[in-house]
Amino acid sequence: MGSLKFILSAYLLSLSLCYAFEERVTAESQHELQHMHTIQLSSLLPSSVCNPSTKGNAKKSSLKVVHKHGPCFKPYGNGEKAASPSPSVSHAEILRQDQSRVKSIHSRLSKNSGSLDEIRQTDDATLPAKDGSVVGAGNYIVTVGIGTPKKDLSLIFDTGSDLTWTQCEPCVKYCYDQKEPKFDPTVSQSYSNVSCSSTICTSLQSATGNSPSCASSTCLYGIQYGDSSFSVGFFGKETLTLTPTDVFPNFLFGCGQNNRGLFGGAAGLMGLGRDPISLVSQTATKYKKLFSYCLPSSSSSTGHLTFGPGASKSVQFTPLSSISGGSSFYGLEMIGISVGGQKLSIAASVFTTAGTIIDSGTVITRLPPDAYSPLRTAFRQFMSKYPTAPALSLLDTCYDFSKYSTVTLPKISLFFSGGVEVSVDKTGIMYASSISQVCLAFAGNSDPTDVGIFGNTQQHALEVVYDVAGRKVGFAAGGCS
């Protein structure tokens, strides 16, 4: 009888242990499902074929967004497939350009820029072979019409810039190669120069950081992006056609006749900052200072840039904040980060000391050093089973996935004021140079007072809504599909 009781007790104990183990396994599985991404490694590497998205096509005031280095953008109109990135631009170079852009933003927020005369005196001999770094590398391109009759031109769109400009004929000194023929204002029926004596001319100072100049009573603009990349030319008015029904006469823009920079075949730049000269301000009567975009999840797919209302109902908004010395930038109040569902222990002062901006032209998100360090530590713990790889430029947490077909990554969320949690898309967590060098796509600033930057890799596949008049920025998942 005693032995029967013992056997029964042992059986019940093993049964309860088995249930407990199953419950723990189930809980762990649920945690993994809830807080981890399992991704196909092939999705981290770009395709050589363009796979366009259909989202945005149905929206009336919507432009297709393509990546500068992807197959959906053929830089020189030759019908050939583009590589991604193009053979002339390595990943290390893209990241170097990105660091130059970040340095220039930090510099711009800490001191005033120079004058137009300084730009004009730039010695060509001192220009690096591949300049234009501060415009950045992971740029996104839209096509708009300029002039009457309209000429379609590919422009990099940039929330960190205000002035819209394009290369113009004749090139007085230097123009770089671009996809379409350069715009010739002499064959447009609607082009006119802005007078030197107009108040519009003097307003260039705030948009470009440089005092305007004059040539035969015509207003001259000059904008310098860093690493000696610049555009100088006439400040003019022209008809801008965004869609067949959205046409804006007397749009103020730069007609660049001396331009240098690594613009990757784009004709110029579309400024989506907050200055009165930006496209957002100039189209405010129609679009009410509302625009949104979705940056494609890979360089071989497409996104959209949409003007006016029409954002999805699932968008969560966080208030715009002020950035000292950076009235054109879109400031956000970041308050926290989670990795794998676990909120990191980061003092609030770490984020408030630096401040944060969201920027469409910066590739890799920059965090204050005391926010990046715990993020990196937590990420490395979750990824400890994978073999490591050498650092890639500024990215110091890299892995060799060459022996895997799928990998499991911890989900990463960024938290902003107003109770907003932005879950980074699975394609926005890592940056792949090759299958044997895939890196965490975040970096730390060296100075805790340097502004943090919510970069475009972490914005992949999100619907990002800018309600400038309402002083708020919103986010929703699934913005491109």
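The model is predicted: local features need pLDDT of at least 70, side-chain atom pairs count only at pLDDT 80 or more, and totals for chains, interfaces and linings use all residues. Residues are numbered from 1 along each chain as its sequence is written, and side-chain values use heavy atoms, with hydrogens and water left out.

**Salt bridges**

- The structure holds seven salt bridges (a side-chain nitrogen of Lys or Arg within 4 Å of a carboxyl oxygen of Asp or Glu).
- One of them joins D98 and R366, with an N to O distance of 2.9 Å. This pair links distant parts of the chain, 268 residues apart, with D98 in helix α2 (residues 91-110) and R366 in strand β19 (residues 365-367).
- Helices (H or I, at least four residues) and strands (E, at least two) are DSSP runs, numbered from the N terminus.
- D246 and K286 also meet in a salt bridge, at 3.8 Å, N to O. D246 belongs to strand β10 (residues 246-260) and K286 to helix α7 (residues 284-287), so the pair ties together parts 40 residues apart in sequence.

- D98 is buried at 0% relative accessibility, and R366 is buried at 2% (buried means under 20% relative accessible area, exposed over 50%, partly exposed in between; 1.4 Å probe, protein chains only).
- D246 is buried at 1%, whereas K286 is partly exposed at 39%.

**Residue T218**

- T218 lies in strand β8 (residues 218-226) and is buried, with a relative accessible area of 12%.
- Leaving aside neighbours within four places in sequence, T218 is in contact (heavy atoms within 4.5 Å) with N193, V194, C196, S213 and F234.
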